[in-house]
Amino acid sequence: MPLAITPEGEGSGSRKSRSRGRMRQTEFLESKATPALHRGSKQNWGGTSTAATFGMTTRSMERAQHQSSLSKSANGPAEGCSKRKRAKLAGISRRASSERSSKKGKRSQDRLERKAKKINRWGEEDDGSCSSVVSSPLREPYMPVLVERYPDGTQIRKPIDTATSNKYRDMQQYYYGKLARQMEMPTLIPDTPPNCLVNDPMLLHIREPSRKIVLRAAQFVVGISSSIDGEPLARCSGFWIDYDTEKRTGTVVTTAHLIRTERPSLDAWLCKDEYAPNAQVTVHLRGGTDAKAYLLYHQKHYDLAFFRVRMDSYIQEPYFSDEVTCAQDIFELGRDESADLVINHGRVEYSNPTVYERHHHMYIQGPHRDREYDKGGPVIDLHGKVVGMIDSCPAGSFIPSSILLKCFHLWRNFERIRRPHLGLKFSAISLLNPVQVEKILIEYKIDEGLIVEEVSTGSPAEKCGIRVGDVIERFNGKCISTAVEG
């Protein structure tokens, strides 16, 4: 029979015969290899293993043998039993496997449902109003009106039965409860306290960058409250300054007036304020969580108090800047009684303290307001760095970071902040009326320094010969122009 030659030069008939030959050869080799596989031997064919000869890797062969052994152990004596008995055992095995699969699927489904239905803070299952789970739209229930019509055209409203009335009342309670929970979502809160970043048109040029700066700084701002035997004592703000990763504790600094119980005099120089170191102090974190705080140290002169707080999660520590200039834009941060962020804007003002105030304050120029909650909170610049802490003695004042950092250093190294008492009160020449400064310049040829206004009797300054009216130009060889620098 003639063969048709393909373009490759090979006939179709030869291809069929060769393929049949290869199939017969493969069947022969498989028949030879089957006993070897069942016996687990490694019989070689031409120097190669049976696994390599038939395209099986050693790992797949081991897997096949393992599955074969598992099936034998599962079926038990099925090999030596009749066909009917083997079929019965196979049916039992299939039913057991099906039951295991159904139980496993049910457990997986229950786990997914529990994950989807989270328990909210009201003790109810979340119906989707405050989560990402898709829920049905909120609809206000209505009472159906049943009207009976008569042939003469009159209509009479039928009374509502008790079951329908009770169902309507239950649906109303559910509706208003869900609506109340929905309106407490942060995205739907209608009345948020106003602040300068929303209502002050003078901050329009710095509003957008200031929002991001304030939100970053808010991470280390906390609210703090104190009480004695359950009776509220004070409420203020503070901020983190340190975190110990090994002990999982953080350190909060705030004003010492948090634990002050008595203030018999407005004169801070008399140091007659009384404090309660054993007061119960609670730190109010953002997000609505609270933590108990323990007093480490408080300093009366600088009005500082340090508290230790147990914190399992990492806290954001602030960056400080000791460079503060006059008329610099700053933000005062704090937290109110609901732990919501309090934001106020101002500008740094240099001014001489009154006779009742200490000399380590700087002042904030801005609208007069009540600093009930943000005292003890941080003052930040437009870069988000802390430049001071809001003080509670005079209204609109803060302790600059140049003094805070020195106090932190002393406390960390010596666990106390010692301050030598000089017995002096003075005012800066550079902050006086220019008319008075001109007279001093003409008379004494100086326009910077500190004018001594009061010398305490028996103080070290009096023993050194310093008198009222003298001018201090240098301190430790360094020129000083303001009381804060001294």
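**Reading side chains and helices, feature by feature**

Author: Start with K425. It is buried, with a relative accessible area of 14%. Keep in mind that this is a predicted model.

Reader: Why does K425 count as buried?

Author: The cut-off for buried is under 20% relative accessible area. K425 has 14%, so it counts as buried.

Reader: What does the side chain of K425 meet?

Author: The general idea comes first. Side chains of opposite charge can pair when their charged atoms come close. Here the side chain of K425 meets that of E454 in a salt bridge, 3.7 Å from N to O. The pair links distant parts of the chain: K425 is in strand β19 (residues 424–428), E454 is in strand β20 (residues 450–455), and they are 29 residues apart.

Reader: Where does E454 stand, buried or partly exposed?

Author: E454 is partly exposed, at 39% relative accessibility.

Reader: How many salt bridges does the count come to?

Author: Five. Among them is the bridge between E208 and R211, 3.7 Å from N to O. These two residues are three apart in helix α7 (residues 207–217), so about one helical turn separates them. R211 is partly exposed, at 36% relative accessibility.

Reader: Which residue does R310 meet in a salt bridge?

Author: D312, at 3.3 Å from N to O. R310 is partly exposed, at 48% relative accessibility. D312 counts as exposed, at 54%.

Reader: Now aromatics. How many aromatic pairs does the structure hold?

Author: Six. To read a pair, take the distance between ring centres and the angle between planes. Planes over 60 degrees apart count as edge-to-face, and planes under 30 degrees apart count as stacked. Y243 and Y314 form an edge-to-face pair, with 5.7 Å centre to centre and 90° between the planes.

Reader: Where in the chain do Y243 and Y314 lie?

Author: Y243 is in strand β6 (residues 231–244). Y314 is in the loop between β12 (304–310) and β13 (329–335). They are 71 residues apart, so the pair links distant parts of the chain.

Reader: Is Y243 buried or exposed?

Author: Buried, at 10% relative accessibility. Y314 is exposed, with a relative accessible area of 57%.

Reader: Why is the pair of F306 and W411 stacked?

Author: Their ring centres are 4.4 Å apart and their planes are at 5°, so the pair counts as stacked. F306 lies in strand β12 and W411 in helix α8 (residues 401–414), so the pair ties together parts 105 residues apart in sequence. F306 is buried, at 0% relative accessibility. W411 is buried too, with a relative accessible area of 11%.

Reader: Which residues form one aromatic cluster?

Author: F239, F306, F320, F408 and W411.

Reader: Which residues of α5 are buried?

Author: Y175, K178 and R181. Seen down the axis of α5, its buried residues fall within an arc of 130°, so they line one face of the helix. The face turned away from that side carries the exposed residues T162 and Q173.

Reader: What happens at the start of α5?

Author: A side-chain oxygen of D161 reaches to within 3.3 Å of the backbone nitrogen of A163.

Reader: Next, cysteines. How many disulfides does a search of the whole structure find?

Author: The idea first. A disulfide is a covalent bond between the sulfur atoms of two cysteines. The search finds zero. C326 is partly exposed, with a relative accessible area of 47%. C464 counts as exposed, at 65%.

Reader: Last, the backbone. What is phi of D229?

Author: Look for a positive phi in a residue other than glycine. Phi of D229 is near 55°. D229 lies in the loop between β5 (221–228) and β6, and counts as exposed at 71% relative accessibility. A339 also has a positive phi, about 65°, although it is not a glycine. A339 lies in the loop between β13 and β14 (341–349). A339 is buried, with a relative accessible area of 13%.

Conventions
Residues numbered from 1 in each chain as written. Predicted model: local features only at pLDDT ≥ 70, side-chain atom pairs only at ≥ 80, totals over all residues. Heavy atoms only, no water. Buried < 20%, exposed > 50% of the residue type's maximum accessible area, 1.4 Å probe, protein only. Helix = DSSP H or I, 4+ residues; strand = E, 2+ residues; numbered from the N terminus. Arc of directions from axis to C-beta. Polar contact = N/O pair within 3.5 Å; in protein donor to acceptor, adjacent residues only side chain to side chain. Disulfide = S-S within 2.5 Å. Phe/Tyr/Trp six-rings, centres within 6.5 Å; stacked < 30°, edge-to-face > 60°. Salt bridge = Lys/Arg side-chain N within 4 Å of Asp/Glu carboxyl O.
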